[in-house]
Amino acid sequence: MNEKPIAMITFKHKTAQRKFTERVIWDRLRQHSPVYDGDTIRTADGSEATIYFEDGNIMELGENTMAQVFFHDGQVETSVSGGTFVVNSSGAANGALVKTEGSTVVVNKGAAISASVSEESGTRVNVSNGDIVFTDQSGLARAIEEGEGIALDASGDEQIIPIVTVLSPSPNAKILAFSGSKESVPFSWTVQNLG
């Protein structure tokens with residue numbers, strides 16, 4: 001393969017698999033494996049992986065998540081068909097475009113989101129930093145800012161349910177303390193649709 005990688009993948013737990021665009025067989029990835037334009041990455045039960053894109057974008061995949069990754073016109077584009085994930089464009093040259101089940105999320109430069117997609121519970125997106133543009137199945141686009149979120153049911157209709165957006169610590173952060181004493185971990189969050 002003479003193609004230049006667009007990213008590198010690492011694992012937090014267990015491993016992930018990759019399927020090249022032109023193949024039907026899944027390959028098991030190793031720590032720090034290159035990721036190429038058009039690769040589909042999937043994680044299994046108990047598996048978590050992080051994709052570090054060449055432009056500075058970072059995508060964290062939770063267990064049982066599948067995402068296809070591209071790099072077009074200087075921008076990361078991903079298509080997520082299920083699972084939980086985080087996209088962080090805080091240190092990126094450009095933002096990222098994320099396509100989910102019928103919706104599109106433009107993660108602007110400097111923004112970070114956590115999201116989940118499933119056939120049963122629909123799509124949920126929380127903005128923990130910066131701002132995004134969310135477009136639903138009907139083509140309605142709306143700006144969502146830091147501390148806000150949106151939830152769509154499986155049919156793509158907006159749900160008015162309580163949404164908690166955790167601002168700190170960052171989504172999927174693992175906090176380890178080796179000093180032997182208790183460590184204080186400050187939390188901050190916002191809540192929507194409680195009233």
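## Contacts, strands and salt bridges in a predicted model

Gly110 touches Ser89, Ser90, Asn129 and Gly130, leaving aside residues up to four places away in sequence. Contact here means heavy atoms within 4.5 Å. This is a predicted model: local features need pLDDT of at least 70, side-chain atom pairs count only at pLDDT 80 or more, and totals for chains, interfaces and linings use all residues. Residues are numbered from 1 along each chain as its sequence is written, and side-chain values use heavy atoms, with hydrogens and water left out.

Gly110 lies in the loop between strand E11 (104-107) and strand E12 (112-118). Strands (E, at least two residues) are DSSP runs, numbered from the N terminus. Gly110 and Asn129 are 19 residues apart along the chain, and their C-alpha atoms are separated by 7.3 Å. Is Gly110 buried or partly exposed? Gly110 counts as partly exposed, at 24% relative accessibility. Buried means under 20% relative accessible area, exposed means over 50%, and partly exposed is in between (1.4 Å probe, protein chains only).

Thr100 sits in the loop between strand E10 (96-99) and E11. Thr100 is buried, with a relative accessible area of 11%. Which residues does Thr100 touch, not counting those up to four places away in sequence? They are Val80, Phe85, Val117 and Thr123. The side chain of Thr100 also makes a polar contact of 2.4 Å with the side chain of Ser103. A polar contact is a pair of N or O atoms within 3.5 Å; within protein, one must be able to donate a hydrogen and the other to accept it, and residues adjacent in sequence count only if both atoms are side-chain atoms.

Ala44 belongs to the loop between strand E5 (40-43) and strand E6 (48-53). Its relative accessible area is 45%, so Ala44 is partly exposed. Ala44 touches Glu63 and Asn64, again not counting residues up to four places away in sequence. The C-alpha atoms of Ala44 and Val133 are separated by 30 Å, and these two residues are 89 residues apart along the chain.

### Two positive phi angles

Asn64, a contact of Ala44, has a positive phi although it is not a glycine. His32 has a positive phi too, and is not a glycine either.

Strand E2 (residues 16-19) has a covered face, Ala16 and Arg18. Its uncovered face holds Gln17 and Lys19.

How many bridges pair E2 with E5? There are four, in the antiparallel sense. Two strands pair if DSSP finds at least two bridges between them. Arg18 has Ile41 of E5 as its bridge partner. E2 also pairs with E3, antiparallel, over two bridges. There, Gln17 is the bridge partner of Arg28 in E3.

### Salt bridges

The whole structure holds three salt bridges. A salt bridge is a side-chain nitrogen of Lys or Arg within 4 Å of a carboxyl oxygen of Asp or Glu.

One of them joins the side chains of Asp39 and Arg18 (3.2 Å, N to O). Asp39 lies in the loop between E4 and E5, and Arg18 in strand E2, so the pair ties together parts that are 21 residues apart in sequence. Asp39 and Arg18 are both buried.

Another salt bridge links Asp136 and Arg142 (3.2 Å, N to O). Both Asp136 and Arg142 are buried. Arg142 also meets Glu158 in a salt bridge (2.4 Å, N to O). Arg142 lies in strand E15 (residues 141-145) and Glu158 in the loop between strand E16 (149-152) and E17, so this pair ties together parts that are 16 residues apart in sequence. Glu158 is partly exposed, with a relative accessible area of 41%. Through shared partners, salt bridges join Asp136, Arg142 and Glu158 into one network.
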